[in-house]
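Me: I have a model open here and want to go through it. Can you take my questions as they come?

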Amino acid sequence: MSQFGMQMPGGRQSKGNAPDVYTALMFLAVVSMGVAVAMLWIASTKVAPEGNPLKIQDPNRIQLKS
């Protein structure tokens with residue numbers, strides 16, 4: 001029947017390409033991951049030597065800023 005362009009009654013109308021639930025969840029996950037990374041970066045600047053989160057602390061002499 002598809003060769004005649006007929007559709008079943010009550011069938012879903014085909015829409016264009018639209019984001020679905022999984023796309024929205026993936027976007028939410030990426031945003032959440034970005035927020036988590038930002039929070040960790042801010043927290044690590046408080047305990048890192050010289051305020052640089054990429055700098056590694058000396059394991060024999062760990063100091064916390066007060």
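Reply: First a definition: a salt bridge is a side-chain nitrogen of Lys or Arg within 4 Å of a carboxyl oxygen of Asp or Glu. This is a predicted model, where local features need pLDDT of at least 70, side-chain atom pairs count only at pLDDT 80 or more, and totals for chains, interfaces and linings use all residues. Residues are numbered from 1 along each chain as its sequence is written, and side-chain values use heavy atoms, with hydrogens and water left out.

Me: How many salt bridges in the whole structure?

Reply: The search finds one. Lys55 pairs with Glu50, and their closest N and O atoms are 3.1 Å apart.

Me: Is Glu50 buried or exposed?

Reply: Glu50 is exposed, at 68% relative accessibility. Buried means under 20% relative accessible area, exposed over 50%, and partly exposed in between (1.4 Å probe, protein chains only). Lys55 is partly exposed, at 36%.

Me: Where does Asn52 lie?

Reply: Asn52 is in the segment after α1 (21–47). Helices (H or I, at least four residues) and strands (E, at least two) are DSSP runs, numbered from the N terminus. Asn52 is partly exposed, with 34% relative accessibility.

Me: What separates the C-alpha atoms of Asn52 and Trp41?

Reply: 9.5 Å, with the two residues eleven apart along the chain.
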